[in-house]
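Here is a structure to read through in questions and answers. Each answer sets a value beside the rule that it is judged by.

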Amino acid sequence: MEKRINISIYQQDHPASSPKRGSSIRSGAHWVYRRLPDLIIYGYAFLYMYTGWAKFMNMATFIRGNSKIPYLGAYAKLIGYGIPSLEIVLAILLVIPVYRIKRFALWTSTLLMGVFILYLSLMVGFAEKKLCHCGGVIESMGWKTHIAFNLIWVIAGIFVLVKTKVIHSKI
């Protein structure tokens, strides 16, 4: 009996050395890692719904800004209605629980984010007056921060595409 009391007192004095605590941290990390693809997919859905809706709410400004972009200005209305519509459709498709639809939407989302990186990089490199109409908090980011933000989402999208292909092939 005395031995048990000493062990429990020791564990209270040194909680970091407890085998239970280490295993709960490991199991918590494993839980997050297993669900990381879903978290990223829903993150993409939230991001695209947020930016698409913000662009629709400021449609006139978005179209006016697009009309000032060299080479793309002629397509300002098409881009103005097309990009937010595509973002909202992708957000909806990303939450549909059908593997092929979700995978197609994730591929498209990742590619679209890559296109946004290309656009931002060209703006930083060549445009005198830089235009960004992403909406809300994202629009207020600095250019390098915005590129890094988008790059993280592209990497996350690629990670999920690879991870879900492996998971799906095992089923």
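Predicted model: local features only at pLDDT ≥ 70, side-chain atom pairs only at ≥ 80, totals over all residues.

Q: Why is K55 called buried?
A: Buried means under 20% relative accessible area, exposed over 50%, and partly exposed in between (1.4 Å probe, protein chains only). K55 has a relative accessibility of 5%, so K55 counts as buried. This residue lies in helix α2. Of the 171 residues of the protein chain, 34% count as buried.

Q: Which residues does K55 touch, leaving out those up to four places away in sequence?
A: Contact means heavy atoms within 4.5 Å. K55 touches F62, I83, P84, E87, F116, H133 and C134.

Q: Why is Y50 called partly exposed?
A: The relative accessible area of Y50 is 30%, and therefore Y50 is partly exposed. Y50 is also found in helix α2. Leaving aside neighbours within four places in sequence, Y50 is in contact with G135, G136, V137 and I138. The C-alpha atoms of Y50 and P84 are separated by 9.6 Å, with the two residues 34 apart along the chain.

Q: Why does I101 count as partly exposed?
A: I101 has 32% relative accessibility, so I101 falls in the partly exposed class. I101 is placed in helix α5. Beyond its neighbours within four places in sequence, I101 is in contact with L93 and I96.

Q: Why is L86 partly exposed?
A: L86, in helix α4, is partly exposed because its relative accessible area is 33%. Between the C-alpha atoms of L86 and M49, 37 residues apart along the chain, the separation is 9.7 Å.

Q: What makes a space in this model a pocket?
A: On a 1 Å grid over the protein atoms alone, a cavity is a set of points where a 1.4 Å probe fits but cannot get out, while a pocket is an open set with protein on both sides within 12 Å along at least five of seven lines; lining residues have an atom within 4 Å of a point. The largest pocket holds about 670 Å³ of space. It has 32 lining residues, and the closest to its centre are I69, L72, Y119, L120 and M123. Helix α5 gives the largest share of the lining, 10 residues.

Q: How do the lining residues of the largest pocket divide into nonpolar, polar and charged?
A: They comprise 25 nonpolar, 5 polar and 2 charged residues. Ala, Val, Leu, Ile, Met, Phe, Trp, Tyr, Cys and Pro count as nonpolar, Asp, Glu, Lys and Arg as charged, and the others, Gly among them, as polar.

Q: Which residues do ring pairs link into a cluster?
A: Y44, Y48, F149 and W153 form the cluster. Rings of Phe, Tyr and Trp (its six-membered ring) pair if their centres lie within 6.5 Å. The structure holds 5 aromatic pairs.

Technical notes: Residues numbered from 1 in each chain as written. Heavy atoms only, no water. Points joined across faces, edges and corners; volume = space filled by probe spheres on them. Helix = DSSP H or I, 4+ residues; strand = E, 2+ residues; numbered from the N terminus. Phe/Tyr/Trp six-rings, centres within 6.5 Å; stacked < 30°, edge-to-face > 60°.
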